[in-house]
Amino acid sequence: MSARDGAAAELLTFGCRLNLYESEVMRGHAAALRDTVIVNTCAVTAAAERDARQAIAKLRRTRPDARIVVTGCAAQRDPGAWAALPGVARVLGNAEKLRPESWAADATETAVSDIMTARTADPQPISAFAGHARAFLQVQQGCDHRCTFCVIPYGRGPSRSVPAAVAVAQARALVASGHREIVLTGVDIASWGSDLPGRPPLGDLCRRILTLVPELGRLRLSSIDPAAIDETLWKLLADEPRLAPYLHLSLQAGCDLILKRMKRRHDVAQVRAVVARARAARPDIGLGADVIAGFPTETEAQAQATCDLLDELGVAFLHVFPYSERPGTPAARMPGVPMPERRVRAAALRSLGATLRYRYLAGLVGREADVLLESEAFGHSEQFAPVRLIDPVPEGRGSIRRVRLKSVADAPGRKKVDGAVLLAEIA
């Protein structure tokens with residue numbers, strides 16, 4: 001790959017926070033390239049792959065002189081298909097994209113580089129996140145589980161952990177660059193340490209980061225398996241105010257039979273117990289969840305059971321996916337729910353999520369909160385509640401400010417209620 005005159009390399013990122021992290025790694029490696037667009041794909045759903053393909057088609061129309069390089073989980077799964085798209089100059093696997101030599105000026109120009117196993121795609125250090133108030137710290141890669149709907153283990157390999165000393169050093173660098181909040185991310189962060197000597201739990205890593213990086217304002221967890229929260233992490237949640245009071249659970253469904261068919265490790269009783277323990281530790285805790293609508297064999301009654309559980313538990317921040325067949329997975333061979341019905345169930349979940357979000361935000365009114373400002377007037381509280389300042393703070397971006405929560409900007413039944421935010425003033 002040769003450097004070109006013109007603008008520096010541009011990144012288009014699809015999918016999870018892990019992809020955001022890896023895009024920042026690539027941004028550093030490809031800094032010397034010109035007129036190059038790197039498309040970092042996601043393979044979680046067919047919609048994610050479709051969005052990436054549409055972006056590539058648009059790039060070919062609007063920037064015909066740009067070199068398009070495709071990478072990420074979708075490229076790892078089917079490199080030939082992505083290389084065949086008009087305008088794509090090169091395809092890199094998940095391992096290759098993180099290697100500096102892949103982005104050197106004299107790197108190979110073959111359309112599809114030798115796609116190696118994703119097992120070699122290990123985290124790379126970065127010192128800052130361009131354009132982001134909070135930073136993401138990759139502490140784990142890959143997955144040892146085989147949920148019946150998921151292709152990610154095939155694209156990223158087995159679970160590998162970043163050694164604690166490396167993660168602490170990375171956290172120090174991110175704080176030194178001005179980030180007040182760090183989010184620990186990975187494919188399955190609860191499995192951190194399972195491949196390290198002594199098999200330390202994730203809570204040990206969190207404790208070390210909080211102890212050894214005292215300048216860090218706030219540490220947050222990304223999505224976590226409700227079946228794998230360790231005792232050290234529970235203790236930190238109760239005792240350490242710098243560990244954000246927010247859990248985003250990889251829930252997926254609220255029916256035991258569907259969870260079993262998904263090959264999840266938790267059941268509904270465990271989810272109830274996790275939420276009860278979380279609220280006992282931090283009564284104001286924010287709760288989020290990933291949920292799949294219309295999984296194969298799901299009946300209307302089972303879909304309603306998921307809605308009922310979310311309502312019962314008050315899960316305020318939902319990330320809803322209509323089920324998407326992934327070729328080669330066991331779920332793709334199960335009797336499917338018709339696509340129109342999946343969309344109906346997803347819409348019902350999102351509507352419920354809007355109501356639960358509003359209810360939770362309304363319950364915070366009258367309190368004070370610490371908000372990480374992502375602009376001069378908007379940010380998120382420690383519970384990940386969205387907050388808009390009545391009076392903007394010039395030059396406040398990236399700082400954590402104490403605010404009084406005054407009201408909720410929207411109410412159920414209004415257009416775009418899922419965009420409800422808390423209005424606040426500086427305390």
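Let's start with the record. An unreviewed UniProt entry carries the annotation "domain: Radical SAM core", and that annotation covers residues 129–359. In the model, the end C-alpha atoms of that span lie 33 Å apart. By content, residues 129–359 are 41% helix and 16% strand.

Keep in mind that this is a predicted model. How confident is it? The chain averages a pLDDT of 89, and 91% of the residues score at least 70. A word of caution: where pLDDT is low, the predicted coordinates should not be read in detail.

On to helix packing. Two packed helices are described by the angle between their axes and the distance between the axes.

Pair one is α7 with α8. Helix α7 is residues 202–212, and its axis comes within 6 Å of the α8 axis. The two cross at roughly 40 degrees. An angle of that size makes α7 oblique to α8. Which hand is the crossing of α7 and α8? It is left-handed. From α7, the contact uses Leu 202, Gly 203, Asp 204, Cys 206 and Arg 207. From α8, Thr 232, Leu 233 and Leu 236 take part. By class, that contact of α7 with α8 has four nonpolar, two polar and two charged residues.

Pair two keeps α8 and brings in α10. Helix α8 is residues 231–239. Its axis and the α10 axis are 8 Å apart, at an angle of about 40 degrees. So α8 and α10 are oblique to each other. Who meets whom? On the α8 side, Glu 231, Trp 234, Leu 237 and Ala 238. On the α10 side, Val 274, Arg 277, Ala 278 and Ala 281. The residues of this contact divide into six nonpolar, no polar and two charged.

Helix α10 is residues 268–281, and helix α11 is residues 300–313. They pack at an angle of about 15 degrees, with axes 11 Å apart. That angle is why α10 counts as roughly parallel to α11. Here α10 passes α11 in a right-handed crossing. The α10 side of the contact is Val 268, Val 271, Arg 272, Val 275 and Arg 279. The α11 side is Leu 309, Glu 312 and Leu 313.

How values were computed:
Residues numbered from 1 in each chain as written. Predicted model: local features only at pLDDT ≥ 70, side-chain atom pairs only at ≥ 80, totals over all residues. Heavy atoms only, no water. pLDDT = per-residue confidence, 0-100. Axes fitted to C-alpha atoms, helices over the stretch in contact; angles between N-to-C directions. Helix = DSSP H or I, 4+ residues; strand = E, 2+ residues; numbered from the N terminus. Parallel < 35°, antiparallel > 145°, perpendicular 65-115°, else oblique. Left-handed = near helix turned anticlockwise from the far one by under 90°. Contact = heavy atoms within 4.5 Å. UniProt positions renumbered as here; feature names shortened; annotations may be inferred. Nonpolar A, V, L, I, M, F, W, Y, C, P; charged D, E, K, R; others polar.
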